[in-house]
Amino acid sequence: MTRYAVVRDLNYCIGCYNCQIACKDEHVRNDFLPITKSQPTFGHFWIGIKEVEQVISPSRIKVTYIPVSCQHCSEAPCVKAARNGAIYRRPDGIVIIDPVKAIGQKQLVEACPYGSIFWNEEENLPQKCTFCAHLVDDGWTEPRCVQSCPTNCMIFGDLDDPNSKVSKLLAERKGEVRHPEFNTKPNVFYFGLPKSSLSGTIIYGDKNECAGEVPVTLTAQAGGKWETQTDFFGDFVFDRLDAGEYTVGFDAPGYHRQIHEVTVKGDTCYIGEIILRSSK
Amino acid sequence: MKKEAKNTARYTTKGEQRFVNCTLSGPVHIYVKEGEIVRVTPLFYSNDDGEPWTLKARGRTFTRPNKGALACWVHGLKQYVYTKHRLLTPLKRVDFDPDGKRNPQNRGKSGYEPIRWEEALNIVTKEIIRLKREYGPSAIAVTGSSHGTWGNIGYRMSALDRFWNLVGCTWIDHDPDSWEGFFWGAMHQWGFYWRLGQPPAYDLLEETFKHTDMIVFWGADPNNTSGDYGWNENDNWRFHMKKLGIKFVFIDPFCNYTAVISADKWLTPRPGTDCALALAIAFVWITEGLYDKEYVKTHTYGFEKWKAYVLGEEDGVPKTPKWAEEISGVKARDIIALAREWGTKRTTLAAGGRSGMGHPGRAAFGHEWARMMVLLITMQGLGKPGVNMYSTTSGAPADWGFYFPGYADGGISGGSSGPRELGPRGFPDRPVQGQIRQRINRSVFPEAVTEPPVTWRGVYGFYGQSAQQQFAKFTFPFEGYSAIKMLYRQGSSYIGTMMDTNRWVRMYRHPNLEFCVNQTIFNEPEARLSDIVLPVCTNLERWDIGEWARISGYSLHLSPVNARVIVLQQKCIEPLGESKSDYQIFTLLAERLGVKEQFTEGRDELQWVKRMYEISDLPKVISWEEFQKKGYYVVPVKKDYKPRQAFRWFYEDREMDTWDWGPGIVDRPVNNKKGLATPTGKIEFESQTLKRFDPDDKERPPVPHYIASWEGHTTAELLRKYPLQLISPHPRFSFHSQFDAKGLWNDEIAHHRRLKDGYRYWVVRMNPEDAQRRDIADGDIVRIYNDRGAVLAIVTVTHRIISGVVHSFSSGGGYDPMGEPGDPKTIDRGGTINQVTSSRFISQNCPGMAPGSCLVEIEKWRGGSD
């Protein structure tokens, strides 16, 4: 069997928008029946980019670009919502909106919790990403969005083949899905979805200088301990944290040890400038 | 099984033809069916394309990717070809009558009517003859747009130059407006006049992988400017650098596109204060002994003068970190920390993209910033392993011994840099030199038309012939020559990239301009300011030949790409409508003017392409038949490739061993192959060319100084009226005005334009504090204004721009006046941000542009036209 999936490693997404435009290039002005009718020139984003801007600290901002598209869910709500079998899952896992049977079924736009189905006003038709099934069927190894990526941050392949690159990647690292709470078993996996962080800046109070190479420890109330040290600007950051209660400690030789209780909420947490007092 | 797919034939690409072409931003495959473009894909390299190079450093390897990366608008080429904004017939302004009333005042207001080619060409020919008879050829001003469409034959320096050098005209000189500071400044510290002030980058990719601990990106956003034509081609290099543990520090009031995915630290000086920061870093190094004293002694000249200024012995003001904090807003302790790290670790300086591009160098006294950048890296031993000036956007292994020209070699004209390498190879048969000595600098062109005389220094802005050439003073019109009566424009609309854009609009509508022609692909703002518009086809509709990203000439070997890919740019489809290639249009005009044979040398475009193939090294490696079939050739990197790093020879006091053209003998007393192209052959802390020119020049003194901007955070009176500093770096999602506002898919990217109430507005970025103070929310339409103009834009509220500063990309192509065109009070709905920038020179003797020094106010726009 074949089960197509895509893995998107957001650590390498540069937000160049090639995927979004390559998708338009493939589908605007081109009918690929029976897979899909052409896409309208503007307004559809069968693959688009959602951006998350996180202020890690006043001197560090991180943007995560998240390419979003149809998740080709194993338990796709759109398939259930379609009348007349207008949406079907192919044996290779690709979810297709039948461009004839789906005519007039505007309710399907709302059926997708990920917002990945678009309404084509002119054709009176719901439309979405097909994983470029017409090309896959023609022997292409990847859909246009994947092919267009300058950093190869997207990988396409067969999850049922243990030797495929997607299978190997997901065996090495745990892939995440967007909105697991929707329980739709997506076949689009991510590495590097935005998480919380805890950061701060440490200063030697006596010299008013950045405190570099200071050991910093972090303990989670829920369990877990991490260590890092400040860089030469006195900055430290603990990345990829879950929300929760934490204790953070600084221990610079010759200075009083400090311990801070910190609540990390859903986003970034900058605890500000920590002034170390000399113990001499 | 699913029966849906059963009875219908599967789609296959087998019935499609696949062509190869090259664009401003990458080589492509074009799939065509029944004369229409189906799709555009990147070029994938195969085993036939030679073994990819691999760089090994610090236990990791980096291998050349197996495909060329494109800019997003290249994936959108199909829409670029078929957009409704294409010009499909020649046009004439309805109230323009060459034999009666010309109504120049109606340019920009009146409509257009389609006319036949015959009529259009006859009008243009008749006007050229009339103007030459009445005023002489110097009455005709000619210029192409920067960049244009790709291809050595069709490029502006090729076909346009050949045609107009035959006919005679006054050339409008472009100047290096992307890296003004390096041209007007850095050149006087380290030579490189033939590179227009920018440094070479030979083999610095491997060098950085191997030896660099930290890169300081100063006003540099390589993911954005990316070394011009490479776009996303070198992002993988920076990811690899991060894997190797190289720290990235960014200095920029905007947390730029490279910074948001890779910064370890972001420092935020106010615009116009970078020099204060640079001086404080030098102060720490000098006072703490953290610089390469031996190198300074042996490789530089005039350090004591610089030291005296830094320490305050010259002016009584020590340039301490505290002093710099007050000016720049960057904390003194961060300056000290950076200076110490930089002074002790192997640090590479990326001063602007490529290097040089970026807003600090395109601002008031931007040359002082560029000069200080050179001096800072010199203090650390420029050329030492890991210590270099390198923007991370070029310097991959490449065999530059394989000859193929770039566009700046002049193509079929025989001009530009052509005489150097194309000429000796017999290309073209008969080079054509311009016979008219009069020239005009583009930055003062509007005034040259509307209120001559105008004066400036430096001709041939883009032709680096010597450092002294920028000192020569010119007054337009040149004595004995004509004022401008006609303008011939080829290529895309560039008024949106010009400072104080309204000046250009007023120029177009001025009665002094009796006739203007625009030869372009799209119905765009400058076309709508002309009398006759000639429709041009895209480079997918004609033949050409070119190497990806290859400029040559003034940007010799500054290649931002992973592989040298030489492309036979195949004609994929027939020209749309009645559009024709630039070359064909010039041929038709040449025929009417009696110079067809001289212009064409009897060749059509494909024959010129073949001729260029023949004089290059291509015939040694691929037959013409095979080249036609395959469409491209990848120049392999030899197995025994030996890197020859930029500046290493200088550092090691050897003869130069890189592929560079210079240092030549022109600007140096002795042709000593060991030195740089400065009077002393060394890097000069005190510039001897500037000292010779004017030792008392307060705006560009022999030792670079921090000079507060004429329009910035200290100009109190103006600041009260216009309290926000605007920076407008190069756009990321269009190629300047090209690919913008033409109904293309990049207009749907929210960083570029945002759709509101049916209109796609240009984006301005504001800090939450500044927005809140003005009761502005994300997605609001605002009016950005000052005394020079007013622009509408849509607000993106973001922490990425510091408070007191707003960011909007420069050079939009959508000028869309809501009232009288050219009136400073008229609002431009199209977001041409240069409506509000100043046309003042970057300093009195340097006619460069200074968009980085601009004060504005922003208010929520509630409708109405003023």
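Predicted model: local features only at pLDDT ≥ 70, side-chain atom pairs only at ≥ 80, totals over all residues.
**A helix pair**

Helix α10 of chain B, formed by residues 274–288, packs on helix α14 of chain B, formed by residues 332–344, with the two axes 9 Å apart and at an angle of about 60°. Because angles of 65 to 115 degrees count as roughly perpendicular and those under 35 degrees as roughly parallel, that angle makes α10(B) oblique to α14(B). The crossing of α10(B) and α14(B) is right-handed. On the side of α10(B), the contact is made by Leu277(B), Ala280(B), Ile281(B), Val284(B) and Trp285(B), while α14(B) contributes residues including Ile335(B), Leu338(B), Arg340(B) and Trp342(B). By class, the residues of this contact of α10(B) with α14(B) divide into 10 nonpolar, 1 polar and 1 charged.

**An open sheet and the helix across it**

Chain B also holds an open sheet of 8 strands with mixed pairing, in the order β7-β6-β20-β19-β18-β8-β9-β15. Its edge strands, each pairing on one side only, are β7 (112–114) and β15 (439–441) of chain B, and from one strand to the next the twist averages 20°. At the β7(B) end, strand β6 of chain B (residues 91–93) runs antiparallel to β7(B) and is joined to it by 3 bridges, with Lys92(B) standing opposite Glu113(B) in β7(B). Helix α3 of chain B, residues 117–134, lies across β6, β8 (140–144), β18 (486–490), β19 (515–520) and β20 (532–535) of chain B, and runs at about 125° to β20(B).

**Antiparallel pairs compared**

Strand β32 of chain B (residues 855–860) takes part in two antiparallel pairings, one with β25(B) and another with β28(B). The table sets these beside the pair of β6(B) and β7(B).

| Strand pair | Bridges | Partner residues |
|---|---|---|
| β25(B), residues 724–727, and β32(B) | 2 bridges | Gln725(B) and Leu855(B) |
| β28(B), residues 781–785, and β32(B) | 4 bridges | Ile784(B) and Ile858(B) |

Terms used
Residues numbered from 1 in each chain as written. Chains lettered and ligands numbered in written order. Axes fitted to C-alpha atoms, helices over the stretch in contact; angles between N-to-C directions. Parallel < 35°, antiparallel > 145°, perpendicular 65-115°, else oblique. Left-handed = near helix turned anticlockwise from the far one by under 90°. Contact = placed C-beta atoms within 7 Å. Nonpolar A, V, L, I, M, F, W, Y, C, P; charged D, E, K, R; others polar. Pairing = 2+ DSSP bridges.
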